[in-house]
Amino acid sequence: MIKGVGGWQGGDTANTVRRIGLGVVVHLLLLLLWYLAVELGEIPKFILPSPLDTVATLADAHYRWGYNSWVTIQEIFGGYFLAVGVGVLLALLFSWSKTIEAGVMPLLLSFNMIPKVALGPLIIVWFSYGVMPNIIIAFSIAFFPIVLTTARGLREVDPDLLDLVRSVRGSKWQTFTKIQLPGALPYIFSGMKVAAVLAVAGAIVGEFLGSDSGLGYVMLQVQVTLDTAAMFMAVLLISLIGVALYALVLLLEHWLVVRDARVQ
Amino acid sequence: MVDKTADPFIRLENVRKVYRTRQEEFVAVGDVSFDVAEGELVALVGPSGCGKTTLLKILAGLHPHDSGTVSIGNQSTAFDPAQDIGMVFQQPLLLKWRTILNNVLLIAEILGQPLGPARDRARDLLDLVGLGDAHDKYPYELSGGMQQRAAIVRALVPDPKLILMDEPFGALDALTRERMNLELLRIWAESQKTIIFVTHGIQEAVFLGTQVVVLSAGPARMADHFSVELPHPRTLDIKTHEHFGDYTRRVYKQLGME
């Protein structure tokens, strides 16, 4: 796979800078609005703390932001990349054997219908508290869209292209490595983007259900004391982790997929 | 009609292909017979449903046929069905993630040909068809006509003996199509390949072909077959030649369009 020629070149550069700039400005405007609303609207702190109060919680050591963020990062990234690996492998298996697909796909569909939140207590019984059960919950929510989009991408090959390869007696393996897999890459990435959002939700749900650390755990702890500023901070950190994961996926896509081939 | 030589490069005799559903039989290719000498450009022309694409796939070894014989290769020229067939389709089918140079190397790669010489050939051929500046571009940066030129080069790079083209210019606009016809004649003259060219364009068939095979539909059968005795190399002036009109009228008549 080769890097695209387009993207950040030539006339695009100014456009890209403007687009990113606009996005940043809107974020900052919301922050200002939030600040003004709290200052002028005299909203009680436990309903809506100001941005300054929220950031101030970072200085308080007893929240252990660093440690708890690290736990959540492991859960999100661990569950996510496990989902990408297992999801892509499973889709490959489906594209190699119609029998396996016909047998296993309905089972996966049934499994996917189980609300993962309902599995939470069971997973905790099996794996106890800690990082591992939350990785499993994040994985179980994130992996299904990856299987679906990858399987679809591997299927979407022009029949004439297959004839072209068959006319020179190309092997199944050559069809797979030269045509199917690179052709499926844009689909894999579109599944990975959906899954990134789901993995974040999965990890936090896992922490709500039962855990002794992590940003979701912090939120539950401070809820009792109506420490809304700390809750805001936790949500902010969770979102930042999610944004970092999403940005990583976009960066990988930019490197690996030619612009024209990307699924918008 | 066409004289039979003793040892043609391609010989089809009463080739027939039938698709069967539970209720009925559908004749896809009906008793087609013709010979092709090495270096000819034979145009197969007819409406949709006449079996021209199916016939091409039988020649490519992609479909079996039910009866009749298909033989390719002769005493003077051996033929290996894996190595010696190049195909061009209506769509260019270029891989979006490969540069044009890497795209036209695809078949050579699959055949396991040494890539050094193949790359040199690919460069020369791209230059020949006017894609000299496009080696490192991606397909989306090229027009439809340029993409189709690349598809033709992809078929030529492994140096096959037979090129099968299935309405290769069918998706192009009329002007580009005319230009591509001239381009094809030039490539054909330079490469000396045997080409079987499927089209539904009657003028295109007569303009390009050394022979024209007319196939009609409902039921599929071979309606006519003749040599085109127009001078080579052909230019657009040929289209005003009185015999050009005779040939095209003959095809129209055979297809019941008088």
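**B:Asn14.** Most residues other than glycine have a negative phi, and most peptide bonds are trans. B:Asn14 sits in strand 1 of chain B, residues 10-20. I take helices (H or I, at least four residues) and strands (E, at least two) as DSSP runs, numbered from the N terminus.

**A note on the model.** I am reading a predicted model, in which local features need pLDDT of at least 70 and side-chain atom pairs count only at pLDDT 80 or more, while totals for chains, interfaces and linings use all residues. Residues are numbered from 1 along each chain as its sequence is written, and chains are lettered from A and ligands numbered from 1 in the order in which they are written.

Which order do the strands take in the open sheet of 3 strands? I read 2-1-4 in chain B, with antiparallel pairing. Two strands pair if DSSP finds at least two bridges between them. Strand 2 (25-36) and strand 4 (67-72) of chain B are the edges; each has a single partner strand, so one side of each has no neighbour in the sheet. On average, neighbouring strands here are turned by 25° against each other, direction ignored. Strands 1 and 2 of chain B share 8 bridges in the antiparallel sense, and B:Leu12 stands opposite B:Phe34 in strand 2 of chain B. Helix 1 (residues 52-59) of chain B packs on this sheet and touches strands 1, 2 and 4 of chain B. The direction of helix 1 makes about 60° with that of strand 2 of chain B. Axes are lines fitted to C-alpha atoms, for helices over the stretch in contact, and angles run from 0 to 180 degrees between N-to-C directions. Contact between two residues means that their C-beta atoms, placed from the backbone, lie within 7 Å.

**A hairpin.** Next I followed strand 8 (residues 211-216) of chain B, which pairs with strand 9 of chain B in the antiparallel sense over 6 bridges. B:Leu215 has B:Met222 in strand 9 of chain B as its bridge partner. The two strands form a hairpin with 4 residues between them, and B:Gly218 in the turn has a positive phi of about 60°.

**A cis bond.** Where is B:Pro233? I found it in the loop between strand 9 (221-227) and helix 8 (242-254) of chain B. The peptide bond from B:His232 to B:Pro233 is cis, with omega near -10°.

**Over to chain A.** A:Arg64, not a glycine, has a positive phi near 50°. It is in the loop between helix 2 (51-56) and helix 3 (65-96) of chain A.

**Where the chains meet.** I noted 20 residues of chain B in contact with 21 residues of chain A. On the chain B side, strand 5 (85-88) and helix 3 (106-110) each supply at least two residues. Helix 3 of chain B gives the most, with 3 residues.

**Chain B overall.** My last entry is that chain B has 8 helices and 9 strands, and that buried residues make up 43% of its 258 residues.

Notes:
A residue is buried if 20 or more other C-beta atoms lie within 10 Å of its own, exposed if 12 or fewer, and partly exposed in between; C-beta atoms are placed from the backbone.
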